[in-house]
Amino acid sequence: MSASPDTALFGEESTEAHPGIEPSVSSDASENDIERCSHITSVFADPSAKAGIIDKFKTVVAWYARRTHDSLHPAKRRKVSSPTCDTCNQTLSRPFVCLHCSFAGCWSDGHITNHLKETGHTFCTDAKSGSVFCSECEDFVFDDTIDELYLSTVISVEEQRTKFQVAKRGREPYQPWIPTGDESTTLKYIPTVPCQGRRGLLNLGQTCFLNVILQSFIHNPLLRNYFLSDRHNSRLCKHSDCTCCEMDNLFTEIYSPTNTPFGPTSFLATTWKVSAEMSGYAQQDAHEFFITALNQIHGTSRGNTNISCNCIIHQTFAGQFQSDVTCEKCGTVTSTIDPMLDISLELRSKSGETATDNTLASCLRRYTKPEKLGAREYSCSKCTKASHEAVKRLSIRTLPPVLSFQFKRFEHKTSGKAAPQKIDAPIRIPVSINMAPYTTLAMNATGKDGEAGYPGPDAMYEYDLFAVINHEGQMDNGHYTNFARFQDEWYRFDDEKVTPSTLSDCLASNAYMCFYVKRHLDYKPYMKPTYLVARENDIVREQAMEREKEAARMKEVDDALMAMVGGD
Amino acid sequence: MSKSTSEAETLYVEVHRRMIESGEWDRILHQLSSKLSESGWTDDLLHRAKENSRSMDPLSLQTILQELLSHAQTSVPLSVKREITTLIKQFVKEQFEK
C-alpha cells in the first residue's frame, strides 16, 4: 500500500528536500534486534510498502521543519501552513500524521489513534519529533532506519536555510561515509573495539586536576573521534615530548578492553617537561592545566599555524569574541575581534554581590550586557574631543563546536587581606542551551518588538552538556571530581572510581567547569591539508628529477657507444 | 449556561487558529521552552522520566506520560506562567482590536 505525498496539505515546495541520502549500511543491524517492532519489520520487508512509508515520513518531517523555521525566522510576514484535524477540525498545533493516508489529527484527544484503529492503518508519526507510533504495539517504536531518516531530513532542511554571514556559497551538505567495496571487505575482518571510555584514572599525587581534564578530553566527541581514527599515530611521530602522542596513547589505553584504572604517568611527565610552571606535586588549578594542555596539543599538531590554525584543538574549541564600543557622543562603533578557546564567567556582578538565582544563561547575559566605560577609559577616534563616555558590549561572533565554560570561583582579593576566597555560590546549568541570544548576529538583529530576526536555523545554536568538573573544599586543599555522559547515561569519576550516576546528581553538583557540544555540526568542503599538498608536490618533483637523471645516464651510454663505433 | 460555554469555545478555536496561522504560537512556544529550560523544569522532567523508565515493565510512553503529567503541570514556575500568560493576553488583545 503506497501513499502519495499530499501536496495540498504539505505545500508546493519540493518534497525532494534532500539530495537522496540513503540510509547507510548500519541500519540493517536493527533487523536482528528482537526488540524491534515486528510490524515495522514486516512492512519494511516489502520494498514498495517500505518506500511508501519512508516517502511519507520524509515529506511530513521536512514540511514541519521548514514550517517551524519559517515562523521563528520569518523572511517576510506570511501565513504559516496550518492543517486542521480531520476529526474535530481544530487547527493542529502538534500534528500527528498517518503514514498510510492523508489523515492528520490530534494526539491528546485520541483522534489519530482512533483513525488508525478504524482504518486498520498501522503507523502514524509526530511531525515535530519524527516519533513513530504503532497501533498494533500501542506504543511508540524505535527503528534505526527511521531515526537516521529523521536526522538526515532535518539536517538537509537546515542546510538549505542557513545563510552565511561572509562567504556567498551555500552550506556544504552533509555526506555520510559509505564504505567502498574494498573498505567493506577490510571492515569484515577487523576486530571491533568497544567504543566506551569508562575507565578510572589513578591519582599520582595531587593530580586530580589532571584527571578531570583528561576525562573531559576522553568524553569529548570531536577529540575522541580524531584520536581514535589514528590522526596522530604516536608510533610514526618523530618528535619527543609530544603531547599529541600522549593524547594518542591515552585514547589507546582508555578504549582498550582493560577496565582497571590507568595511571597517566607519561602524560604528566611530558606536561612537566614542556610547561615548567605546571611541574611539582602541588595542587594545580584544573582550568590552568586545561589551557596549558590545549596549547601543548596545538603546538605539537601536524600543520599547526599561528593564525587561522586548523589543528584539532582549534577546530574543536576555537571561537571568536566581538567587542563593540559605541561612542556616546558621535555614535561611532569600533569593533574588535578576539580569538577564544573557552569562556570564563563571573559569578558576581560589578558591585560585588552574588546573584541569588544564578544560571548559565544569567551569567551569559551578564557577560554580554552593555557596560559603560568611564570617561577616562576611552577616547573616540572620530570625535575631536578626547575622553567621552562610551558603551562597550561583548558578544560571541563565532561559536566553536565545543563550548567550554569556567565559572570564576577562585577570586584573588586585591585588598591584600585574607587568602583568596572560593565562591561556592550554586549555579544551575541546563542539559541543553541555545546560544543564539549571546551571538553578535542575533544581538544586532534583535529590534522591533524584541523579535529575534537572526536567520537561524536554531539547531546551529543548540548545545548539549557532556561533561562537568567539580571542585570541593578550599582553594589550597580541595579535590576535583567530574561527571561525564556516555551516550545517554551519566557517570561520576573520582580519580580511579567510576560510578553510574544520574542527570540530576550531575546538575546539582555545582559546576566549576562544564562542556557543551554542538548538536548539529556544519562542514567546510573537503580541502587537502597544505602539508599533504606540499609533500605530493615534492614526490612529483623527485620523480621528475629521477627521470631526468635516468635520461642523462642513457644519453651518456649512447654517446659512449657512438664514440666506440665512430672510432673504428 | 451552555450558550456562553459554546461561545467561549468558538472564541477559543478562532484565537487558537489565528495564533497558529500567524506563527505566534511557535514564537511563544519557543520562548516558553527556553524559560522552562533555564528554570530547570525540562531537565527535572527528563531525569524523572529516565529514572521511572529504568524499572518500568512493560515500558510504554503512555505510562511515562501518565506518571509525569500532573507533576509537570504543577511544577511550572510561577514567574514563567506569568510571563507567558502576559504574551498570550497581549496577542488576544491585539486580535480583538483588529
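## Exercise 1: Positive phi

N510(A) is buried, with a relative accessible area of 18%; buried means under 20% relative accessible area, exposed over 50% and partly exposed in between, with a 1.4 Å probe and protein chains only. This is a predicted model, in which local features need pLDDT of at least 70, side-chain atom pairs count only at pLDDT 80 or more, and totals for chains, interfaces and linings use all residues. Residues are numbered from 1 along each chain as its sequence is written, chains are lettered from A and ligands numbered from 1 in the order in which they are written, and side-chain values use heavy atoms, with hydrogens and water left out.

Task: locate N510(A) and S308(A), and state the phi of each.

Solution. 
1. N510(A) sits in the loop between α15 (503-507) and β19 (513-518) of chain A. Helices (H or I, at least four residues) and strands (E, at least two) are DSSP runs, numbered from the N terminus.
2. The phi of N510(A) is positive, near 60°, and the residue is not glycine.
3. S308(A) belongs to the loop between α11 (286-299) and α12 (312-317) of chain A.
4. S308(A) counts as exposed, because its relative accessibility is 68%.
5. For background, most residues other than glycine have a negative phi, and most peptide bonds are trans.

## Exercise 2: A cis bond

Task: which peptide bond is cis, and where does P58(B) lie?

Solution. 
1. The bond that runs from D57(B) to P58(B) is cis, with omega near 0°.
2. P58(B) is in the chain B loop between α3 (41-54) and α4 (61-74).

## Exercise 3: The interface

Task: how many residues does each chain bring to the contact, and how many salt bridges cross the interface of chain A and chain B?

Solution. 
1. Chain A brings 40 residues and chain B brings 27 residues.
2. The two chains bury about 2500 Å² between them, 49% of it on carbon and sulfur atoms. Buried area is the accessible area (1.4 Å probe) that two parts lose on being put together, summed over both.
3. There are 3 salt bridges across the interface, each a side-chain nitrogen of Lys or Arg within 4 Å of a carboxyl oxygen of Asp or Glu.
4. One salt bridge joins E489(A) and R54(B), with the closest N and O atoms 3.2 Å apart.
5. On the side of chain A that touches chain B, at least two residues each come from several elements, including α3 (47-72) and β17 (489-494). The largest share, 4 residues, comes from α3(A).

How values were computed: Contact = heavy atoms within 4.5 Å.
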